[in-house]
Amino acid sequence: MNETDLTATVLQLVRRPDYQPMKLRQLAQLLGLSKKERASLRKLIKRLAERGEVGYVGGRLMKAGHDTQALVRPAANQLVGTFRRMEAGYGFVRPKMPGWQEDRQEDIYIPAQYAGDASTGDEVLVELSRARGPKGKLQGRILRVLQRQTYQFVGTYFERAGRGYVQVDGTVFARPIPVGDPGAKNVRPDDKVVFEMVRFPSAWHQGEGVITEVLGPRGQPGVDTLSIIREFDLPDEFPPDVLEEARREADAFQEIIPPWRRDLTELTIITIDPEDARDFDDAISLELLPNGHWLLGVHIADVAYFVRPQSALDREARHRSTSVYLPDRVLPMLPEVISNSLASLQPGKLRYTKSVFIEYTPEGDRRNVEFCHSAIRSTKRLTYEQVDAFLADPAPWRRKLGAKVHDLLGRMHQLAMILRRRRMQRGALELFLPEVKILLDDQGRVSGARLIEHTESHQIIEEFMLAANEAVAERLRDAGVPFLRRIHKPPTTKKLRELAEFVQELGLKTNGLQDRFELQKVLQQTTGRPEQHAVHYAVLRSLQRAVYSPEAEGHFALASSCYCHFTSPIRRYPDLTIHRLLGALIDGRHPHSDLRELLVLGQHCSDREERAELAERELTKWKMLAYLENRLGMEMDAVITGVESFGLFVQGLELPAEGLIHVDSLMDDYYYYDRTAHSLCGRIRGNQFRLGDVVRVAVARVDLDRRELDFRLVSPAGKNSLPPSVRRRR
């Protein structure tokens with residue numbers, strides 16, 4: 001049964017009036033599907049659930065809009081939460097209850113014998129017990145798994161006593177999983193494979209899986225990337241109907257300007273992007289008006305013109321939600337014929353855009369905003385490095401760039417710095433943390449690394465994008481249209497209290513950090529000083545994660561009361577939804593926008609964004625471990641990014657290698673964990689290792705399959721031996 005037929009069959013079934021929720025195994029048996037087809041069914045159900053066409057809760061397939069809460073109504077001593085299993089078999093559940101972490105400040109301890117077959121990331125129903133766990137923690141037992149995080153895993157195949165096994169990558173499962181009939185896939189020992197979990201392991205059963213794909217020999221170039229793509233279920237190939245639709249859009253596109261688009265081809269417009277950028281979705285113009293005001297133009301690729309609601313392109317873009325930027329490849333949200341061609345604002349090419357014109361006074365006060373459908377022809381494509389060189393010495397660049405572009409860059413820098421100062425005055429936060437990008441050779445192996453600096457060229461584009469995003473968000477708000485905002489809630493009271501205690505331990509005086517301006521003051525006071533790493537890392541840990549939601553919340557870090565993402569529709573689906581709403585308002589129509597649908601979409605897009613970041617981080621870690629596997633004893637400076645009772649988590653400053661210095665390897669003293677100071681403290685000599693300290697470490701152990709790296713401490717590197725500061729983007 002092909003995917004189209006299977007989709008039609010499933011939807012026809014769940015829409016029947018007499019349909020009752022059923023497990024996927026029951027559904028597969030009802031449809032007479034093979035083991036291979038069952039794996040396709042699971043992925044299909046996930047896609048249908050993401051689009052809101054069906055419900056999928058507690059492992060049951062339901063109709064869209066079904067009252068899923070009726071399936072799980074926790075009793076007084078029960079709760080629902082997310083499980084995290086430790087290697088020894090026990091685990092912890094983080095309750096999914098509003099205010100739990102703020103009020104109770106703890107997860108639920110689950111002994112190994114009460115964890116059942118729950119796996120890390122699963123949503124579970126827990127019954128609390130009267131007994132207490134280690135250190136007095138609340139204890140419970142898992143009654144049942146409500147929803148699996150995943151059924152698909154990646155690992156290394158091996159054979160023992162005539163049977164086939166897979167050792168799953170990482171530490172999710174301590175023991176290997178038996179796999180039936182491995183010969184069907186011609187798998188060989190030491191191959192990386194994808195397998196579907198048929199029966200999850202528990203304290204009483206070792207589990208069972210079936211191999212669905214052989215990726216290639218362990219260590220072969222490209223197998224690491226493919227393994228991460230499969231592990232995180234990242235979509236790589238586009239379905240045929242999506243590619244066909246993209247080709248039709250390309251065939252239909254003509255470089256002509258419709259009468260309903262404003263012709264901006266005579267304006268001097270430029271793009272500024274990283275040197276290795278593949279798509280260009282934002283461009284800038286800036287004029288000085290006769291009244292002395294600025295007229296900023298932010299021109300964003302009109303992706304909505306090519307990707308229409310309910311189309312195959314829209315279906316796939318929504319499913320992906322974001323482009324994924326892995327170290328050695330990009331998995332785009334849209335086919336390249338659109339992302340790198342039709343919608344990309346390439347220099348000299350006629351391109352369709354949505355433009356935001358913002359008029360500012362010389363002091364940076366916003367006076368007027370106008371939106372329109374437009375057509376532009378980018379004058380010049382510049383890189384951040386070129387703009388930095390221009391800012392350092394503008395004169396020689398006049399001949400290289402031409403007078404118009406040269407003068408435009410000067411104006412852009414002047415206005416951007418005015419807007420930046422005003423944003424800081426309203427309490428925006430800026431963190432300076434080391435960000436290192438790995439460099440790869442032709443085989444995808446690490447060849448080196450370089451520090452990414454957040455320079456004034458980055459700040460210019462950032463300020464203009466922030467201005468456009470705010471202007472669009474306020475326009476939608478004023479029109480009474482529900483939309484996907486980019487929200488960033490303030491830190492919890494508990495986190496701020498802990499942060500204040502930590503800052504005071506460093507000897508910094510504050511009037512309390514409940515006021516955002518006090519928090520900003522602490523960041524500014526420590527920037528460029530020895531305490532910078534410690535304070536900025538501590539602030540980062542105190543902040544909540546920014547997410548997409550239609551809730552009328554502001555963006556704490558940006559000090560913005562109304563904010564959305566509008567400026568990157570080529571690579572982010574939320575931006576595309578904003579374009580559609582804004583387009584309707586430009587046309588004089590009141591757009592349809594459903595709050596309930598936006599809540600579901602916001603959660604989906606936030607989850608996809610987090611998945612993309614985790615995949616990038618895991619692949620970077622994998623490549624770094626492969627690089628260090630034959631470099632035991634290699635020394636580097638590293639910053640302490642986490643402190644626990646069992647040791648110090650550190651990240652290299654020359655290379656982005658993340659690992660652990662185990663407390664048992666600190667032989668010079670007996671150390672205890674000081675939670676308030678985020679530090680390990682020596683009982684005898686009084687040595688102290690704090691969050692943000694820079695230390696000298698050496699590679700002690702590398703386990704590529706478990707993705708573990710252990711360092712040993714060589715010596716403190718000295719508080720003043722810090723690299724140039726860079727800003728990590730939020």
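**Exercise 1. Loop residues with positive phi**

Is Asp 190 buried, partly exposed or exposed, and where does Asp 190 lie?

Solution. Asp 190 is partly exposed, with a relative accessible area of 41%. Here buried means under 20% relative accessible area, exposed means over 50%, and partly exposed lies in between, using a 1.4 Å probe and protein chains only. Before going on, note that this is a predicted model, in which local features need pLDDT of at least 70, side-chain atom pairs count only at pLDDT 80 or more, and totals for chains, interfaces and linings use all residues. Residues are numbered from 1 along each chain as its sequence is written, and side-chain values use heavy atoms, with hydrogens and water left out.

Next, find the place: Asp 190 sits in the loop between β11 and β12. Strands (E, at least two residues) and helices (H or I, at least four) are DSSP runs, numbered from the N terminus. Finally, look at the backbone: Asp 190 is not a glycine, yet its phi is positive, about 80°.

Now try Gln 310. Its phi is near 70°, again a positive value in a residue other than glycine. Gln 310 is found in the loop between β17 (294-301) and α7, and Gln 310 is exposed, with a relative accessible area of 76%.

**Exercise 2. A covered helix**

Solution. Start with the range: α7 covers residues 312-320, and eight of its nine residues are buried. Among them are Ala 312, Leu 313, Asp 314 and Arg 320. Then step past the end of the helix, to Ser 321, whose phi is positive, near 70°.

**Exercise 3. Strands and their partners**

In what order do the five strands of the open sheet stand?

Solution. The order is β11-β10-β9-β12-β13, with antiparallel pairing. β11 (177-178) and β13 (208-217) are at the edges with a single partner strand each, so one side of each has no neighbour in the sheet. Two strands pair if DSSP finds at least two bridges between them. Strand β12 (residues 191-199) and β13 are joined in the antiparallel sense over eight bridges, and Glu 196 stands opposite Val 210 in β13.

For contrast, turn to β15 (residues 270-273). β15 pairs with β22 (residues 380-383) in the parallel sense over four bridges, with Lys 380 as the bridge partner of Ile 270. Ile 270 and Ile 272 point one way from β15, Thr 271 and Asp 273 point the other way, and all are buried.

**Exercise 4. The nonpolar cores**

Which residues touch the most other members of the largest nonpolar core?

Solution. A nonpolar core is a set of buried Ala, Val, Leu, Ile, Met, Phe, Trp, Tyr and Cys residues joined through side-chain atoms within 4.5 Å. The largest one has 63 residues, and Leu 628 and Phe 711 touch the most other members. Helix α17 (residues 595-628) gives the largest share of this core, eight residues. A second, separate core of 46 residues includes Leu 296, Ile 460, Phe 483 and Leu 585.

Then look around Phe 711, taking contact as heavy atoms within 4.5 Å. Leaving out residues up to four places away in sequence, the residues that Phe 711 touches include Met 636, Val 650, Leu 660 and Val 697.
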